[in-house]
Amino acid sequence: MSTEKFDAVDIIGIKRDRGTLSPEQIDWTIDAYTRGVIAEEQMAALNMAILLNGMDRAEISRWTTAMINSGERMDFSTLRSPSGVAKPTADKHSTGGVGDKITLPLAPLVAVFGVAVPQLSGRGLGHTGGTLDKLESIPGWQASLSNEAMMDQLAGCGAVICAAGTGLAPADKKLYALRDVTGTVEAIPLIASSIMSKKIAEGTGTLVLDVKVGSGAFMKDEDDARELARTMVGLGTDAGVKTVALLTNMATPLGLTAGNAIEVQESVDVLAGGGPADVVDLTVKLAEEMLAGAGVHDADPAAALADGRAMDVWRLMISAQGGDPAAALPVARESETVYAQADGVLTELDALSVGIAAWRLGAGRARREDEVQAGAGVRLHAKPGDVVRRGQPLMTLLTDTPEKFGRALEALESAATISAEGSRSGQRLILDRIAQ
Ligand code: URA
């Protein structure tokens, strides 16, 4: 006879019939699934019932806690600078977009002000890029660090961007892989608990969420993005993490590059006091939020970009992980240019199309085990709001494997909209701020 407390079929039935799971039922579900007692097809059915019928705040909160409890928790409370000063911690999480290299300049920028940034990051899958893939284009740079090395680096230069270990929220790894192949990624309770279980287990004191909205994001619709942001802010706050969310535009790529090495170069430009205005503005805004959450109110992050202090931390951060910050970055062997087809104002440059093109050129991977090309990607020569002339270069496609140009160009066929009467106002970058 089974010694299990509950039966998976009963749990599925409760959510199918729009009922509410008790805390004990949720704890058992996550634990039993991790132990293999709940079969994959049963969990798939439960995920679909959650996607269709939702969960209330108490259920989402308990589901998140159960996922955190499936693994280890990191603790930065003993973190001190070399002179013995306690360091607060702050982290940023983006729900993913095209050209989103913000973590690269942001982590060293925040560390300038004595706040430690433990930025556990992932690799790209599909059209959104991965922070680790971008950084791996720097010769010698290593994504994997032991917990001890991470603590030493946080105590020293104050910023770490590295791969999340397998010990954080292992239940989420299994669950996410299942959601990926069963059409259940898009459930707000499941996305919120997946992201927040990892961030809370990571042990940061402050968390700033960059929830992307638009064609290149998970959430295409602003109301859905707002609901996801509110849910995650609620979960973080309940867990004692100071959490705020910005809703930001992902209708068009961030900056002028989507790829790996070309995004690192653009980040270095920002750290050198230049770079595209949208990347600089979002980096500074997110830094202000992280610093305010960590209790630093008199900081001027824009000045620390302009005067080279953030660049100094970047160099230390890259060298500490074996990278050579002065080394030349890989360059793609082949290029192809896309030209404007008319005179007028570029009113749209679709983020999803550019993301798919960069991915097809080799900047991203279709399967987890695929290799990415460091030099591949798309370089933009105009942004929405710019006046363009027929025949002017709009984008340069970059790859080592020219047979990839055809499919990448297909993705870009209707990416650009040029209008004779278009407005030159461009698009708003920050759409909303959600706090509790
Ligand atoms: N990122 C995650 O970590 N989990 C999700 O469910 C979606 C995006």
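Reader: Which residue of strand 11 is the bridge partner of Glu334?

Author: The model is a predicted one, and what follows is computed from it. Strand 7 is joined to strand 11, residues 393-399, by 6 bridges, and these two strands run antiparallel. Within strand 11, the bridge partner of Glu334 is Thr399.

Reader: In what order do the 4 strands of the open sheet stand?

Author: The pairing in this sheet of 4 strands is antiparallel, and the sheet is open, with the order 6-9-11-7. Strand 6 (257-259) and strand 7 (334-339) each have a single partner strand, so one side of each is left without a neighbour in the sheet. From one strand to the next, the twist averages 15°. Read across the sheet, then, the order is 6-9-11-7.

Reader: Which strands does helix 15 touch where it packs on the sheet?

Author: Helix 11, residues 261-271, lies across strand 6, strand 9 (377-380) and strand 11, and runs at about 140° to strand 6. Helix 15, residues 351-363, also packs on the sheet, with a direction that makes about 135° with that of strand 9. The strands that helix 15 touches are strand 6, strand 9 and strand 11.

Reader: Which element gives the largest share of the lining of the largest cavity?

Author: A search of the whole structure finds 1 cavity of 30 Å³ or more, and the volume of the largest cavity is about 120 Å³. Its lining consists of 18 residues, of which His127, Thr128, Gly129, Gly259 and Ala358 are the closest to the centre. Strand 6 and helix 15 each supply at least two residues of that lining. The largest share, 4 residues, comes from helix 15.

Reader: How many charged residues does the lining of the largest pocket have?

Author: The largest pocket has a volume of about 1,600 Å³, and of the 47 residues lining it, His93, Gly122, Arg123, Tyr176 and Lys198 are the closest to its centre. The elements that give two or more residues to this lining are strand 1 (90-94), strand 2 (117-121), helix 6 (131-135), helix 8 (170-180) and helix 9 (188-202). Sorted by class, the lining of the pocket has 13 nonpolar and 19 polar residues, and the number of charged residues is 15.

Reader: What is the bridge partner of Glu348 in strand 12?

Author: An open sheet of 3 strands has antiparallel pairing and the order 10-8-12, with strand 10 (387-388) and strand 12 (416-419) as edge strands that each pair on one side only. Strand 8, residues 344-349, is joined to strand 12 by 4 bridges, and the two run antiparallel. In strand 12, the bridge partner of Glu348 is Thr417.

Reader: How far apart are the end C-alpha atoms over residues 345-419?

Author: UniProt, in an unreviewed entry, lists residues 345-419 as "domain: Pyrimidine nucleoside phosphorylase C-terminal". Over that range the chain is 27% helix and 29% strand, and the distance between the end C-alpha atoms is 5 Å.

Terms used: Residues numbered from 1 in each chain as written. Predicted model: local features only at pLDDT ≥ 70, side-chain atom pairs only at ≥ 80, totals over all residues. Heavy atoms only, no water. Pairing = 2+ DSSP bridges. Axes fitted to C-alpha atoms, helices over the stretch in contact; angles between N-to-C directions. Contact = heavy atoms within 4.5 Å. UniProt positions renumbered as here; feature names shortened; annotations may be inferred. 1 Å grid on protein atoms, 1.4 Å probe; cavity = no way out; pocket = protein on both sides within 12 Å on 5 of 7 lines; lining within 4 Å. Points joined across faces, edges and corners; volume = space filled by probe spheres on them. Nonpolar A, V, L, I, M, F, W, Y, C, P; charged D, E, K, R; others polar.
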